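Have a look at the model first.

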Amino acid sequence: MPANVQARDIMECPECKGKTQIVVDYAQGSVICRNCGLILEMSCIDDSQEWRTFSDSSGPDRNRVGGTTNNMLHSGGLGTSVGFGNSRLARTHMIAVNSDNVDRTLNKGHKILRDIMDALALPDNIYTRCCQILKQMDDNGLLKGKTNYPWLLAVTYMACRQEGAGRSIKEILAAQPTVKDKEVAKNFWRLEKMLQKASVQEARTAAGGGPVSGAKVGGAGAVAGDTFMPRYCNRL
């Protein structure tokens, strides 16, 4: 039996006057009685899973699924794609989408963060933590004007401290040497205070306006010196 023809469930055939086994021809979209050959249905839909990936640029993309949802974006990262690559149609579509897109600032920050991750060879968990910090800033109205390198390097430094990945500010600056270390340090402490205040407000709202003295607030925490030792010793 060809690969595009499969024996399926039992159906009622009007010609056979009883139940019979059917054959589904996905190439023709037909449901056929296996006993008498009567076509029971036309234009049936192939609901089986598509296992192949068609990456040949000369033909159409037959992939039935889109990208995964992104919980760090308000829209979930779902949207319509028009055109291919850097074509005029694709550029026009992106301009139209970004002109009124609540995720435009987050997308800009994510792009710069990805460049920072690549420059510093940081793992994916650091990038995920950075995106979570940006999302918290955006949810509290703190992200406007802060998707530049001085602020995003401070976000990266905070994410490294929260994830226990020992990185000094000087090491973080390797991603953008033109930024001053004092500027990153200043932004880091400002960011620390803003997120702590936002966390207290969120805890107070969740408690219905009650006291939040025992609530945990967001913070980077101190980094133990032994987290730096393995990397420094490897350079000896």
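Among contacts in the chain (heavy atoms within 4.5 Å) between residues at least 6 apart in sequence, 48% join residues at least 24 apart. Keep in mind that this is a predicted model, where local features need pLDDT of at least 70, side-chain atom pairs count only at pLDDT 80 or more, and totals for chains, interfaces and linings use all residues. Residues are numbered from 1 along each chain as its sequence is written, and side-chain values use heavy atoms, with hydrogens and water left out.

**Overall layout**

The chain has seven helices and four strands; helices (H or I, at least four residues) and strands (E, at least two) are DSSP runs, numbered from the N terminus. Along the sequence, the pattern reads β-β-β-β-α-α-α-α-α-α-α. Of the 236 residues, 31% count as buried, where buried means under 20% relative accessible area, exposed over 50%, and partly exposed in between (1.4 Å probe, protein chains only).

Strand β2 (residues 18-25) is mostly covered, with six of its eight residues buried. It pairs with β3 (residues 30-33) in the antiparallel sense over four bridges; two strands pair if DSSP finds at least two bridges between them. Valine 23 stands opposite isoleucine 32 in β3. Four residues sit between the two strands of the hairpin, and glycine 29 takes a positive phi near 70° there.

In soluble globular proteins, nonpolar side chains tend to be buried together. Here the largest nonpolar core has 36 residues, and Ile116, Ile126 and Leu153 are among those with the most contacts inside it. A nonpolar core is a set of buried Ala, Val, Leu, Ile, Met, Phe, Trp, Tyr and Cys residues joined through side-chain atoms within 4.5 Å. The elements that give two or more residues to this core are α2, α3 (124-139), α4 (149-162), α5 (169-172) and α6 (181-206), and the largest share, nine residues, comes from α4.

Why is α4 largely enclosed by the rest of the structure? 12 of its 14 residues are buried, so the rest of the structure largely encloses it. What covers those buried residues includes α2, α3, α5 and α6. Helix α4 reaches 19 Å from its first C-alpha to its last, close to the 20 Å expected at 1.5 Å a residue (the expected span is 1.5 Å times one less than the number of residues). At its N-terminal end, asparagine 148 is the cap, with a side-chain oxygen 3.2 Å from the backbone nitrogen of tryptophan 151. Just after α4, glycine 164 takes a positive phi of about 75°.

Isoleucine 126 touches Met117, Ala159, Cys160, Glu163 and Ala165, leaving aside residues up to four places away in sequence.

**Cysteines and histidine 110**

| Cysteine 36 | Cysteine 33 | 3.6 Å |

Cysteine 36 is partly exposed at 40% relative accessibility, whereas cysteine 160 is buried at 0%.

Histidine 110 sits in helix α2 (residues 104-120) and is buried, with a relative accessible area of 7%. Histidine 110 and cysteine 130 are 20 residues apart in sequence, and their C-alpha atoms are 8.5 Å apart in space.

Technical notes. A disulfide is a pair of cysteine sulfur atoms within 2.5 Å. A polar contact is a pair of N or O atoms within 3.5 Å; within protein, one must be able to donate a hydrogen and the other to accept it, and residues adjacent in sequence count only if both atoms are side-chain atoms.
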